[in-house]
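Subject: Structure handover

Hello,

Here is the structure I said I would pass on. My notes on what was found follow below it.

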Amino acid sequence: MIARADRVVMDLGTGDGRAVLARASADPTALVIGIDAAGASMAEASRRADRRGPRNTLFIATGAEVLASTPFAGEADLVTVTLPWGSLLRGALGVDGQALGGIASTLRPGGRLELLASVVPSDRVDGIDCLDDAMWPAIADAWRGVGLQLSGMRPATADDLTASGSSWARRLGAGRPVWRIDGVRSASIEP
């Protein structure tokens, strides 16, 4: 179990980790954890936090698929996933059940999931041709199966992309449709 801060925030697929550093600086009472399967991508942010702070950060190199079997299960008040790809994208959208289970497992009952995602046909994502509002029922059904309730799905705004703190969101989000998808972990399902 993680020593309790006022809040635990996890950024899955954190990439370069800049969003973690920004969030930790803005909210020093939260423990902000960046998780990415590609450890090298967040190495500089981890070194920076170690040298200069903020001290309320932690960077972990692992995939979403294994999160249910880690000490992070059931600890997060908020999980953010910003413009993921690969199995994290398929999991977040309910196509990869193992990754989706890992994502859901990190949230405490009542914890929130905030997802910014984009899929267009040229991405060639298995199981998803294009992310649009027609996918709401399939995403809601998959999320329900792991104890998540889909509470909103809408086109993301420029403010959503900016608020994410992600350098990737600023680069990628300007030229393609991005969706904001929100959910909450059911209180009745244990991680």
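The sheet is open and mixed in its pairing, with 7 strands in the order S3-S2-S1-S4-S5-S7-S6. Helices (H or I, at least four residues) and strands (E, at least two) are DSSP runs, numbered from the N terminus, and two strands pair if DSSP finds at least two bridges between them. Strand S3 (57–61) and strand S6 (148–155) are at the edges with a single partner strand each, so one side of each has no neighbour in the sheet. From one strand to the next, the twist averages 15°.

This is a predicted model: local features need pLDDT of at least 70, side-chain atom pairs count only at pLDDT 80 or more, and totals for chains, interfaces and linings use all residues. Residues are numbered from 1 along each chain as its sequence is written, and side-chain values use heavy atoms, with hydrogens and water left out.

Strands S1 (residues 7–12) and S2 (residues 30–36) run parallel and are joined by 6 bridges. Asp11 has Gly34 as its bridge partner in S2.

Helix H4 (residues 97–105) packs on the sheet, where it touches S1, strand S5 (107–117), S6 and strand S7 (179–185). Contact means heavy atoms within 4.5 Å. The direction of H4 makes about 125° with that of S5 (axes are lines fitted to C-alpha atoms, for helices over the stretch in contact, and angles run from 0 to 180 degrees between N-to-C directions).

Thr106 sits in the loop between H4 and S5. Thr106 counts as buried, at 0% relative accessibility; buried means under 20% relative accessible area, exposed over 50%, and partly exposed in between (1.4 Å probe, protein chains only). Beyond its neighbours within four places in sequence, Thr106 has contacts that include Met10, Leu67, Phe72 and Val79.

In helix H5 (residues 136–144), the buried residues are Ile139, Ala140, Ala142 and Trp143. They cover an arc of only 165° around the axis, which puts them on the same side of H5; the arc is that of the directions from the helix axis to the C-beta atoms. Pro137, Asp141 and Arg144 are exposed on the other side of H5.

Some backbone points remain. Gly53 and Pro54 are joined by a cis peptide bond, with omega about 5°. Leu83 is not a glycine, yet has a positive phi of about 45°; Leu83 counts as buried at 5% relative accessibility. Arg124, also other than glycine, has a positive phi near 55°, and counts as exposed at 74% relative accessibility.

Regards
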